[in-house]
Amino acid sequence: MRTTSPFAPGRRSAAVLAAAILTVGAAGCGSSDSPSKAQAGPSASTSANPDAGVLGIRDPWVKAADKGMTAAFGTLVNDGDADVTVTSATTSLSPMELHEMAMKDGKMVMRAKQGGIVIKAKSSHALEPGGDHLMLMNLTKPVQAGDEVTFTLTFADGKTQQFRAVAKPFTGAQESYAPGHGEPMTGMSATPEMSMSPKS
C-alpha cells in the first residue's frame, strides 16, 4: 500500500527542476570545451599546413634533387560537399605543372594532367610516385633532404592555398624526371608492389 504526502508533488517538481538546471549547466560547460578540442585534432593530424584552406594536405613531401626536375607528393583531402579542382601549382624554386602517369602504347608515360586534379567531395586524392604529382620543371637551386619548400595551389574557382613540404631522399618507382613528356620513363613499371614511400 502506497502512502502519499501533500508535499510530495512539490518536492518532486523541485527535484526535477534542479536536475534539469544541473544538466543544462553541465552541457553548457562541456560545449565550450568541445570546439577547441575539435579544432586542435584535425589541424595536427590531417595536415602539415597550419593555415586553414580549401583542402587538407596530409603528409606533404618533395623529392630531394640537385638540379633539373623533381616532384611534390602528399594526399589532398576534401572534407567539403562539392568537388574541388586544382588547376595549377607554383613555387619560387621552379616553374611547375600538374602531372600524371598514364599508359600509352603499353608503356607508362608522364604527361601534363589535362583539366587539373579533381578531388571528389568527402574524399581524398593521392599525389604519389607513379601517379598524379606536382612537377617542378627546372630547379633554380638544389632541394636537399630536410629543406622545407612552400607551394601555392590554385583552384578552379580562383581561390589559392599554400602548403609546405619537407624534402626527402627517394629512389622508389625509379622515375627519371627528365625532359620529354609523353616519353616512356626509364625503369618505370605499374606494378602494385612498387614502393611509394620516401625514406624517413
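A polar contact is a pair of N or O atoms within 3.5 Å; within protein, one atom must be able to donate a hydrogen and the other to accept it, and residues adjacent in sequence count only if both atoms are side-chain atoms. The structure is a predicted model, in which local features need pLDDT of at least 70 and side-chain atom pairs count only at pLDDT 80 or more, while totals for chains, interfaces and linings use all residues. Residues are numbered from 1 along each chain as its sequence is written, and side-chain values use heavy atoms, with hydrogens and water left out.

Asp83 lies in the loop between β2 and β3; helices (H or I, at least four residues) and strands (E, at least two) are DSSP runs, numbered from the N terminus. With 43% relative accessibility, Asp83 counts as partly exposed, a class that falls between buried (under 20% relative accessible area) and exposed (over 50%), with a 1.4 Å probe and protein chains only. Apart from neighbours within four places in sequence, Asp83 is in contact (heavy atoms within 4.5 Å) with Asn78, Val118, Ile119, Lys120 and Ala121. Asp83 and Ser123 are 40 residues apart along the chain, and their C-alpha atoms are separated by 9.0 Å.

Of the 200 residues, 34% are buried. Among contacts with a separation of 6 or more, 67% are between residues 24 or more positions apart. The chain exposes about 11700 Å², of which carbon and sulfur atoms supply 55%; this area comes from the Shrake-Rupley method with a 1.4 Å probe, and for residues only the protein chains shown count as cover.

The mean pLDDT (the predictor's confidence in each residue, from 0 to 100) is 74, and 60% of the residues reach 70 or more. Over residues 11-51 pLDDT stays under 50, and the model has 13 contacts beyond four places in sequence for this stretch. Residues 178-197 also have pLDDT below 50, with 41 contacts in the model beyond near neighbours in sequence.

A nonpolar core is a set of buried Ala, Val, Leu, Ile, Met, Phe, Trp, Tyr and Cys residues joined through side-chain atoms within 4.5 Å. The largest has 26 residues, and those with the most contacts inside it are Val62, Leu76, Val86, Ile117, Leu134, Phe151 and Leu153. Two or more residues come from each of β1, β2, β3 (84-90), β4 (96-104), β6 (117-119), β8 (133-136), β9 (148-155) and β10. Strand β9 gives the largest share of this core, four residues. Not counting residues up to four places away in sequence, Phe151 touches residues including Val62, Ala72, Met96, Leu136, Gln161 and Phe163. A second, separate core of 10 residues includes Met101, Met108, Met110 and Phe170.

Gln161, one of the residues touched by Phe151, is located in strand β10. At 4% relative accessibility, Gln161 counts as buried. The side chain of Gln161 reaches the backbone oxygen of Leu55 at 2.7 Å.

Three aromatic pairs are present. Rings of Phe, Tyr and Trp (its six-membered ring) pair if their centres lie within 6.5 Å; planes under 30 degrees apart count as stacked, over 60 as edge-to-face and the rest as tilted. The ring centres of Trp61 and Phe73 are 4.6 Å apart and the planes are at 35°, so this pair is tilted. The pair links distant parts of the chain, with Trp61 in strand β1 (residues 56-63) and Phe73 in strand β2 (residues 70-78), 12 residues apart. Both Trp61 and Phe73 are buried. For Trp61 and Phe170 the centres are 5.1 Å apart and the planes are at 65°, so this pair is edge-to-face. Here Trp61 in strand β1 is linked to Phe170 in the segment after β10 (160-168), 109 residues away. Phe170 is buried, as is Trp61. Trp61, Phe73 and Phe170 form one aromatic cluster.

Two loop residues other than glycine have positive phi values. Phi is near 55° for Asp105, located in the loop between β4 and β5 (107-112) and exposed at 74% relative accessibility. Phi is also near 55° for Lys122, found in the loop between β6 and β7 (123-127) and exposed with a relative accessible area of 58%.
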